[in-house]
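Visitor: Hi, could you walk me through how the helices and strands pack in this one?
Guide: Happy to, let's bring it up.

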Amino acid sequence: MIDTARLLDTFLAILRIDSYHPNEDPVVDALRPKLLRAGISLWADPHRNVLGYWPGTGAKANREPVLLCAHTDTVRPTPGMEPVIRDGAVHTDGSSVLGADDKAAVAAIVEAVEAIAAEGVAHPPVELLFTVGEDVGHIGSKAFDVAPVRSRLAFIADVDGPVGGVILASPWSETLLVTFRGRAAHAGTEPESGRSAVQMAARAIDRMRLGRVDAQTTANAGVLTGGEESNIIPACAELKLQVRSLDEGAFGAHRAHLLECCRLGAEAFDGGIEVESVNSTTGYRFTPGDAVVRRAQAAIRAAGLTPRLATSGGTSDANEFNAKGLTTAVISVGYLDIHTNQESMPLDELERLTRVCRALMLGP
Ligand SMILES: [Zn+2]
């Protein structure tokens, strides 16, 4: 049985820990006694991600293991933040974010373990993974070696929307820094010998298809800098571009289009470009029939809820794990207004999420 008072205690205790990256360790430290008592062995990888293993019991002892994951960092520091319970939800005191992203999921996972242990019901082997630095760029999951993971399917609770949502797809995305190289010259006395890098960038941008490119794809020319003085033809301009798509082929094609525009823009004024990939994330796409999606939906139904399938414009640790070959689906947490000082977590959603985590652990 899920103990809602114990669940709330766990949640509040970890919310009071300021766990902005790289200070996540106290979160798992606070939970360690509960997990050890249930019979889970824990170890940290060199990057401080913590992996736990809970042997299966009874008739399900030899079933396939399943992995549940949540991140223990918060999007911003939360020093001294005292959670406030009001109108059936846990709110921040307004001094910072609450950190329900993603501590609501951490608390739900731990309560599901405690509930199953207290019930003494048979369960398959369960792996837990608490990652670090998700909100500052998937740091823990990018570094995590999936080789020791025994589970074939993994579930991360870390997206907004009422509990019951399952994310089918998340975008491929990349931020590119393009440097246009021209030649400086006095703009008034010898403009003929100058090559304007700013003009190259302007020509390039003007050729680009930007904004919502198609139903799956978006592109943005976000930052343009260049030049020094109004009387100097600018030798250098830097353009920061971002492209995202839920379709890998469209992503590659539009990335190539943007770079071709840059090349042509530079060529038009006898200059050149250098391209640097600042950051990139590998996307994923499931179909409703994929095992990981069916398994998530079954758990949501077992928890008495109706599953909803959705796509996401955002990315998470799941992008890293899927890219490494660990099939991972993201389910919704029910948190509200995350990444703001109005963030809150409805208590009934916290309990629903715990039911879903319990059902994922118990398996079909
Ligand atoms: Zn998160």
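Predicted model: local features only at pLDDT ≥ 70, side-chain atom pairs only at ≥ 80, totals over all residues.

Visitor: Let's start with H2 and H3. At what angle do their axes cross?
Guide: Helix H2 (residues 25-38) and helix H3 (residues 100-119) cross at roughly 15°, and their axes come within 9 Å. With angles under 35 degrees counted as roughly parallel, H2 and H3 are therefore roughly parallel to each other.

Visitor: Is that crossing left-handed or right-handed?
Guide: H2 passes H3 in a left-handed crossing.

Visitor: And which residues meet there?
Guide: From H2 you have Val 27, Leu 31, Lys 34, Leu 35 and Ala 38; they meet Val 106, Val 110, Val 113, Glu 114 and Ala 117 of H3. By class, the contact of H2 with H3 has 8 nonpolar residues, no polar ones and 2 charged.

Visitor: How does H3 pack on H9?
Guide: The angle between H3 and H9 is about 55°, and their axes are 8 Å apart. That makes H3 oblique to H9. H3 passes H9 in a right-handed crossing.

Visitor: Which residues make that contact?
Guide: On the H3 side they include Ala 104, Ala 108, Ile 109 and Ala 112, while H9 contributes Leu 350, Leu 353 and Met 361, among others. The residues of this contact of H3 with H9 divide into 13 nonpolar, 1 polar and 2 charged.

Visitor: Switching to strands: which ones does H9 lie across?
Guide: Helix H9 (residues 347-362) lies across E5 and E17, and runs at about 70° to E17.

Visitor: What's the strand order in the sheet with E5 and E17?
Guide: The order is E4-E5-E17, an open sheet of 3 strands with antiparallel pairing. Strand E4 (84-86) and strand E17 (344-346) stand at the edges with a single partner strand each, so one side of each has no neighbour in the sheet. On average, neighbouring strands of this sheet are turned by 25° against each other, direction ignored.

Visitor: One more: which strands pair with E12?
Guide: Strand E9 (residues 172-181) is joined to strand E12 (residues 236-245) by 10 bridges, and the two run antiparallel. Leu 176 has Leu 241 in E12 as its bridge partner. Strand E11 (residues 217-226) also runs antiparallel to E12, joined by 9 bridges, and there Ala 219 has Val 243 as its bridge partner.

Technical notes: Residues numbered from 1 in each chain as written. Axes fitted to C-alpha atoms, helices over the stretch in contact; angles between N-to-C directions. Helix = DSSP H or I, 4+ residues; strand = E, 2+ residues; numbered from the N terminus. Parallel < 35°, antiparallel > 145°, perpendicular 65-115°, else oblique. Left-handed = near helix turned anticlockwise from the far one by under 90°. Contact = placed C-beta atoms within 7 Å. Nonpolar A, V, L, I, M, F, W, Y, C, P; charged D, E, K, R; others polar. Pairing = 2+ DSSP bridges.
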